[in-house]
Amino acid sequence: MLHPVSGNKVEYDIRTYRYHRKITSEESETPLKCKVTAGAIAGTLIPMALIAKKQNVKLYQIKYGIKELIVTSTCAIAGGTAAGMLAEKEHAKQKLNEGVFQFMNATVPTLICGGLFKLSNKFKAINNNAFKIAGTFVGLFAGMHIGAAISNKINDPQDIVPDRKLTIKDSIANVDDALGVLILAKIPIAKKLHVDKLLPAIFSWCGYRAGMSN
């Protein structure tokens with residue numbers, strides 16, 4: 001929009017253009033967001049339904065073990081990634097790469113934490129909540145970096161492009177691993193707060209992130 005100022009000068013108000021561009025961008029992303037959200041939620045609910053049927057319980061009564069955690073998070077990421085790839089084919093490769101990263105970010109820390117948890121059960125000296133909680137943080141930290149290294153190697157074996165770095169959001173995504181291990185370890189506060197009810201939302205969010213990546 002042009003606005004006259006002193007003399008014969010005319011200024012261009014860039015704010016109007018930026019606002020219009022922002023609205024246009026948001027409108028173009030809305031269908032993608034809806035499809036990816038649907039894919040991530042479907043990817044979360046389908047394995048949950050199968051697990052609930054196998055355990056003969058309601059969805060919100062599922063008892064999560066390592067297998068249930070990995071299967072549900074994997075399917076959620078696969079659902080979001082697939083939906084994003086189909087909806088935005090020009091960025092399919094980037095979305096697949098992010099899907100691999102999210103899968104490793106969700107799986108490797110869970111396996112390490114689960115291993116430390118099983119180890120604590122075998123030795124009385126470390127079979128306590130303090131070790132399990134400490135082991136959770138150590139497992140998450142180590143697992144995230146190991147998972148990132150593996151995914152970067154898978155996505156870019158020739159090391160042509162810069163590595164995908166861990167971000168704060170990636171750390172937040174590992175809340176599901178932390179909650180999962182607390183549930184497995186039967187930490188009292190985990191049961192009191194019903195943290196297992198938060199897991200499906202976190203799984204879906206990981207799938208959404210993968211599907212929206214470009």
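Mentor: A residue is called buried when its relative accessible area is under 20%, exposed when it is over 50%, and partly exposed in between. Keep that in mind as we walk through this structure, which is a predicted model.

Trainee: Happy to. Why is Gln-102 called buried?

Mentor: Gln-102 has a relative accessible area of 1%. The cut-off for buried is under 20%, so Gln-102 at 1% is buried. You will find Gln-102 in helix 3.

Trainee: Which residues does Gln-102 contact, leaving aside its neighbours within four places in sequence?

Mentor: Gln-102 is in contact with Ile-77, Arg-164, Asp-170, Cys-206, Arg-209 and Ala-210. Contact here means heavy atoms within 4.5 Å.

Trainee: Arg-164 is on that list. What makes Glu-98 and Arg-164 a salt bridge?

Mentor: The rule asks for a side-chain nitrogen of Lys or Arg within 4 Å of a carboxyl oxygen of Asp or Glu. In the pair Glu-98 and Arg-164, the closest N and O atoms are 2.8 Å apart. That value falls within 4 Å, so the pair counts as a salt bridge.

Trainee: Where in the chain do Glu-98 and Arg-164 lie?

Mentor: Glu-98 is in helix 3, while Arg-164 is in the loop between helix 4 (129-155) and helix 5 (168-173). The two are 66 residues apart, and the pair links distant parts of the chain.

Trainee: How do you know whether Glu-98 is buried or exposed, and what about Arg-164?

Mentor: Glu-98 has 8% relative accessibility, which is under 20%, so Glu-98 counts as buried. Arg-164 has 22%, which lies between 20% and 50%, so Arg-164 counts as partly exposed.

Trainee: How many salt bridges are there by this rule?

Mentor: The count comes to two. Besides the pair we have discussed, the side chains of Glu-88 and Lys-95 meet in a salt bridge, at 2.9 Å from N to O.

Trainee: What makes Lys-95 a buried residue?

Mentor: The relative accessible area of Lys-95 is 0%, and the cut-off is under 20%, so Lys-95 is buried. Lys-95 sits in helix 3 (residues 92-122). Not counting residues up to four places away in sequence, Lys-95 touches several residues, including Leu-32, Thr-81, Met-85 and Ala-210.

Trainee: What does the side chain of Lys-95 reach at 2.8 Å?

Mentor: The side chain of Lys-95 reaches the backbone oxygen of Ser-213. A polar contact needs a pair of N or O atoms within 3.5 Å, so 2.8 Å meets that distance limit.

Trainee: Let's turn to helix 1. Why is Gly-43 called buried, and why is Leu-45 called partly exposed?

Mentor: Gly-43 has 11% relative accessibility, which is under 20%, so Gly-43 counts as buried. Leu-45 has 41%, between 20% and 50%, so Leu-45 is partly exposed. Gly-43 is in helix 1, and Leu-45 is placed in helix 1 (residues 14-55) as well.

Trainee: What does Gly-43 touch?

Mentor: Setting aside residues up to four places away in sequence, Gly-43 touches Thr-72, Cys-75 and Ala-76. The C-alpha atoms of Gly-43 and Ala-78 are separated by 6.8 Å, though these residues are 35 apart along the chain.

Trainee: What makes the span of helix 2 close to the expected one?

Mentor: Helix 2 (residues 66-87) has 22 residues and reaches 32 Å from its first C-alpha to its last. At 1.5 Å a residue, 32 Å is expected. Buried residues of helix 2 include Thr-72, Ala-76, Gly-80 and Gly-84.

Trainee: One more: why are Asn-56 and Asp-159 called exposed?

Mentor: Asn-56 is at 70% relative accessibility and the cut-off is over 50%, so Asn-56 counts as exposed. Asp-159 is at 52%, also over 50%, so Asp-159 counts as exposed. Asn-56 lies in the loop between helix 1 and helix 2, and has a positive phi of about 60° although it is not a glycine.

Methods:
Residues numbered from 1 in each chain as written. Predicted model: local features only at pLDDT ≥ 70, side-chain atom pairs only at ≥ 80, totals over all residues. Heavy atoms only, no water. Helix = DSSP H or I, 4+ residues; strand = E, 2+ residues; numbered from the N terminus. Buried < 20%, exposed > 50% of the residue type's maximum accessible area, 1.4 Å probe, protein only. Expected span 1.5 Å × (residues − 1). Polar contact = N/O pair within 3.5 Å; in protein donor to acceptor, adjacent residues only side chain to side chain.
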